[in-house]
Amino acid sequence: DKPRARELFTNIVKPALEPRTCEDALVYDVDDFYQTLQQVLAAGFTPAEREKDEQVQFLTLYLSRITAHAELAPAARIVAGQGLTPAQLQVAEGAFLARLESMPSDDRSFSVAVAPLEQSVFMLAQSLSSAGLATDGLVGGFRKYLTANLSGARCGDNAGAMTRTSEPAKVVEWFNSQFHGDTPEIKNDEIQASSTGAVAKVDRYWESGDAKQILMAGKALRFDPQGRPLSDAARNTREWKSGLSDFLQEMESWKPTAEPSEADFFHQKAIVYEALLELTPSGGEHDKILNGYVTFLASSDLQQEQPVEWFCHAYSTLERLRNTNAGQPGNLLAAFQGSGNAVLSLYAGLEQILPSKPYYAR
């Protein structure tokens, strides 16, 4: 139902993508959104609507809403790949360049986005040339984008890593050697940071005393003293099962107060459960661990506080069991179905009706 799909897509409210700080270790990834936009543009308009350039108006509307560096590369790919007429391509290019020029100062995001953007800008330049259009506006706009961001306030771990092998430096080298055309090359004095800020703050797991103990005990269930993975036979012995029983008791005594935050505790414990489900042979202990894990997921307050982070473990566990010998994903789905948690139950129902493809097959 392509018209309905288009209607639903227009109802999506894109989150506010505020600039990241230098202390932020993670940046935005919006590729899925733009891949869906590309599909809507390709299939969601009738021939009569296309005669009126309605798909171009739809595209430029979304281009005008770009606010983050992460959006630039996927947006440019869409403009380059839509098979637009020269007149339509000029309109879309103009909308894209307007957003390229107005990007906020955000070195954390820029330093990650610049390499994919190089590839997309090159694709767009090829599309312009194929349509018989000049590329000097795009080349000049990209030059201005690079110099503005590289000469502005930069993060300590990005500015300090500005060597020939860093991604921004490689993009500048590519621009000067292959792309600039009649536009002046970028000189070194144009890309000197005006100031240097903080570095990314990374909160590492397994740092508390309790977490370190859990990690070491968990490794003993996976590896022998020489660091080699234990065989299936070794993990089916009385000694291994006794070690597993002791480990489960130790994990039961692990409390959220031992970690910096409830979220840190949740993620670490979920990781341990996922590993145990992969390691433990089928049988009573495996079923006990699975039920304990689902109860842990279903009862966590993180579902309300950080729903995406909470759900990612349910998703990743199912993917993991699907790709593990005798992983028994059906048992996990059945446990989700009977968990009493509306989200997990709905997820199980959807997976049984229309199973998602394994991640590697997408």
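The buried residues of helix H5 are Leu72, Ala73, Pro74, Ala75, Ala76, Ile78, Val79 and Ala80. Buried means under 20% relative accessible area, exposed means over 50%, and partly exposed lies in between (1.4 Å probe, protein chains only). H5 spans residues 72–81 and is mostly covered, with eight of its 10 residues buried. Helices here are DSSP runs of H or I with at least four residues, strands are runs of E with at least two, and both are numbered from the N terminus.

This is a predicted model, in which local features need pLDDT of at least 70 and side-chain atom pairs count only at pLDDT 80 or more, while totals for chains, interfaces and linings use all residues. Residues are numbered from 1 along each chain as its sequence is written, and side-chain values use heavy atoms, with hydrogens and water left out.

What do the buried residues of H5 pack against? They pack against helix H2 (31–43), H4, helix H6 (86–101), helix H7 (107–130) and helix H8 (136–150). Contact means heavy atoms within 4.5 Å. After H5 comes Gly83, with a positive phi near 65°.

One of those partners is worth a visit. Helix H4 covers residues 54–63 and holds Gln55. Is Gln55 buried or exposed? Gln55 has 6% relative accessibility, so it counts as buried. Setting aside neighbours within four places in sequence, Gln55 is in contact with Leu41, Phe45, Glu49, Arg50 and Gln88.

Now move along the chain to helix H14. It has 15 residues, which should span 21 Å at 1.5 Å a residue; its end C-alpha atoms are 21 Å apart, which agrees. The expected span is 1.5 Å times one less than the number of residues. In H14, His286, Ile289, Leu290, Tyr293, Val294, Phe296 and Leu297 are buried. They cover an arc of only 155° around the axis, so they lie on the same side of H14. That arc is taken from the directions from the helix axis to the C-beta atoms. An α-helix has 3.6 residues a turn, so residues three or four places apart point the same way. The face of H14 turned away from its buried side carries the exposed residues Gly284 and Lys288. Cover for the buried residues of H14 includes helix H12 (238–252), H13, H16, H17 and H18.

Helix H16 comes next. It runs over residues 307–322, and its 16 residues reach 23 Å from first C-alpha to last, close to the expected 22 Å. Its buried residues are Trp310, His313, Ala314, Thr317, Leu318, Glu319 and Leu321. Among the elements covering them are helix H13 (262–279), helix H14 (284–298) and helix H17 (329–337).

H18 itself spans residues 342–353 and contains Leu346. Why does Leu346 count as exposed? Its relative accessibility is 55%. Leu346 and Leu72 are 274 residues apart along the chain, and their C-alpha atoms are separated by 35 Å.

Finally, step back to the whole chain. It has 18 helices and two strands. Its C-alpha atoms fill a box of roughly 75 × 50 × 35 Å along the principal axes. Of its 362 residues, 41% count as buried. Among contacts between residues at least 6 apart in sequence, 71% join residues at least 24 apart.
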